[in-house]
Amino acid sequence: MKRIVLLGATGSIGSQTVEIIAQHPERFQLVGIAYGSQTDVALRLVTEHDVKMVSGPMKDQGRFPEATFFDHESLDAFVNAFDEPVVVVNALVGAIGLKPTLAALNKGFDVLLANKETLVIGGALIKAALEKTTASLIPIDSEHSGIAQCLKGAHADDIEKVVITTSGGSFRDKCKDDLEHVTVADALKHPNWTMGAKITIDSATMMNKVFEIIEAHWLFGLDYDRIEAVLHRQSIVHGMVHFKDGNVLWHVGPPDMRIPILSALEGDDRLVYRSVFDITKFESLTFEPIDSDRYSLFDLGVAVAKKGGAHTTVLNAANEEAVRLFLNKTIRFTDIERIIADCLTAFDNGHDTSLKGVLKLDAEVRRYIMTRYTDGENT
Ligand code: MG
């Protein structure tokens, strides 16, 4: 029986993780949940799964009389409170995911990671933590999960390169000029995947693919020149591995996040999941290079990744704040890229990648954006 602590339990990945857990009660038990705002959903989870450890906003504490309650501002303390071995599923959104991931690995708990921002800002910290523990870090991201399937039984030395795919996001058929006037509602209409708001916007800007390249770099230990991304409109090929002997393995499947979630949870077993996938429905599969004029944020982000250092923290914090401002209709879609570029100029690429240094820089970037872009004058 795997005892699961689910961080971000009420979000898109969190809810789908609960579905998978419920389908295999003989294998998985939900023992802890952390949530941010959806109290009613959290209450239902606690009742249905008899969860005794809960993290949420302190004002909600009285509504969970049967559970030990933790402030959701201290997710690392929440993870540290588990004495028996657990598996931590990190389905949080944003930089907030770094501290609990480190806490879990330091306690020897496996982490199933959907929170890619953890690796974007703290890749070096996670790598150092993994070198000191027997615990594993397993991706819950369709591309990386697919690549991990292709790599089962393979040796790292045998990999020539890996390729991740992108659908192109909700504006893939719009030209750059059209993007000045797109709405939040348009941006949230992803052609293939149903996902949370932040990642849907990241897909539209192509920042999600930048983050996934960084994620692949740390997960698979590959240099950036051996990680590629291609535009694949059908979203059924998720990842490819080119081996040095000329063999190329593809991971193919429906765009359904419950498959990578189950793959991460099941480990080396194959548990049952009923999905319908009929390849004859696809008359053709297309693969195109990413147009760097159209998706200029992609090139900018990859350049930041390749330089390394603390600038990936600036990239992430600026992106998180800019996406938030777009979602609450303070700025336009195209301002996301302008704000990110501004922050990368305003903040030097320092080399302090300690946890303290990363969190300090993260806060500074957010403050900079708050003072500069929330009065409307600079947008
Ligand atoms: Mg992905």
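**Entry 1: the cores**

I looked up the largest nonpolar core first, and it has 88 residues. Phe-298, Phe-333, Ile-336, Val-365 and Ile-369 have the most contacts inside it. Helix 12 (residues 311-327) gives the most to this core, with 8 residues. Apart from this core lies another, of 33 residues, with Leu-30, Leu-45, Leu-112 and Tyr-273 among them.

I noted the terms. A nonpolar core is a set of buried Ala, Val, Leu, Ile, Met, Phe, Trp, Tyr and Cys residues joined through side-chain atoms within 4.5 Å. Buried means under 20% relative accessible area, exposed over 50%, and partly exposed in between (1.4 Å probe, protein chains only). Helices (H or I, at least four residues) and strands (E, at least two) are DSSP runs, numbered from the N terminus.

I also noted the ground rules. This is a predicted model, where local features need pLDDT of at least 70 and side-chain atom pairs count only at pLDDT 80 or more, while totals for chains, interfaces and linings use all residues. Residues are numbered from 1 along each chain as its sequence is written, and side-chain values use heavy atoms, with hydrogens and water left out.

**Entry 2: Phe-298**

I listed what Phe-298 touches, not counting residues up to four places away in sequence. The list is Met-206, Lys-209, Val-210, Ile-213, Ala-229 and Ile-290. Contact here means heavy atoms within 4.5 Å.

**Entry 3: strand 1**

I followed strand 1 (residues 2-7) to strand 2 (residues 28-34), and the two pair in the parallel sense over 6 bridges. Two strands pair if DSSP finds at least two bridges between them. The chain goes from strand 1 through helix 1 (residues 12-23) to strand 2, in a right-handed β-α-β crossover. Right-handed means that, with the strands pointing away from the viewer, the path from the first strand over the helix to the second runs clockwise. Arg-3 has Gln-29 in strand 2 as its bridge partner.

Strand 1 also runs parallel to strand 5 (residues 87-90), joined by 4 bridges. There I found Ile-4 opposite Val-87.

**Entry 4: the magnesium ion**

I checked the donors (N, O and S atoms within 2.8 Å of the metal, or 3.2 Å for Na, K and Ca). Water is not among the atoms, so sites may look incomplete. Asp-141 (OD), Glu-143 (OE) and Glu-212 (OE) coordinate the magnesium ion at 2.0 to 2.1 Å. Their spacing along the chain is D-x1-E-x68-E. Glu-143 lies in helix 6 (residues 142-150) and Glu-212 in helix 9 (residues 207-220), so the pair ties together parts 69 residues apart in sequence.

Glu-143 counts as buried, at 7% relative accessibility. Glu-212 counts as buried too, at 1%.
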